[in-house]
Amino acid sequence: MLKKILLFSTVLALIFVAYQLYQTGSDDPKQTSVDKMVISDQSEQPLFDLIHHNLTAINQKKIDDYLTTLVPTARKDSQKEIRAFLDSYTVKISLDGFRVLKKDKTHCLIETKQKTTNLGKNKYRNHIATANHTLKKVDGKWLIASTTMINTTFLD
């Protein structure tokens, strides 16, 4: 039960983080400002690419793509939660900030700032959030193990 709660919290945090950062001015949910960011340290590029892929998958409502960004143990329960969310809401998540806080050979802590904008008809509050993503290396590939929201500002 605790594992399910943790997984549900992680999925909600990922969604919440994705909702919160920076809007590029386009109403096309398939676009994100993530594409405009430049990563100066090339060793951080795979980490950035993972977060970018995660947010783009949510924007495009591509659940299978979204699930590939998560550790395998989180996928089954996350699939139900993300499907329910995306069936109800259409959002645009933009990335306004990306910073590696800590990294070793198997784990990494990333801080992001994200803006989430509601593009759908169902009521959902626009917001900007700061999130900490814990990444884990699985079979040589970085994947999201958990996300914790550390600050949220509602815009409406």
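**Exercise 1: the buried side of a helix**

Buried residues of α4 are Ala 74, Ser 78, Ile 82, Phe 85 and Leu 86, where buried means under 20% relative accessible area with a 1.4 Å probe, protein chains only. This is a predicted model, in which local features need pLDDT of at least 70, side-chain atom pairs count only at pLDDT 80 or more, and totals for chains, interfaces and linings use all residues. Residues are numbered from 1 along each chain as its sequence is written, and side-chain values use heavy atoms, leaving out hydrogens and water.

Task: describe the course of α4, a DSSP run of H or I with at least four residues.

Solution. Start with the span: residues 72-88 make 17 residues and reach 25 Å from first C-alpha to last, close to the 24 Å expected at 1.5 Å a residue; the expected span is 1.5 Å times one less than the number of residues. Next, look for a bend: α4 bends by about 45° at Ser 78, the angle between axes fitted to the seven residues ending there and the seven starting there. Ser 78 is also one of the buried residues.

**Exercise 2: a strand and its partners**

Task: find the strands that pair with β2 (pairing needs at least two DSSP bridges).

Solution. First, β1 (residues 91-103) pairs with β2 in the antiparallel sense over 11 bridges, and 3 residues lie between them in a hairpin. Here Ser 94 has Lys 115 as its bridge partner in β2. Then turn to β3 (residues 127-138), joined to β2 by 10 bridges and also antiparallel; Glu 111 has Asn 132 as its partner in β3. Finally, 9 of the 12 residues of β2 are buried, so this strand is largely enclosed by the rest of the structure.

Conventions: Buried < 20%, exposed > 50% of the residue type's maximum accessible area, 1.4 Å probe, protein only. Pairing = 2+ DSSP bridges.
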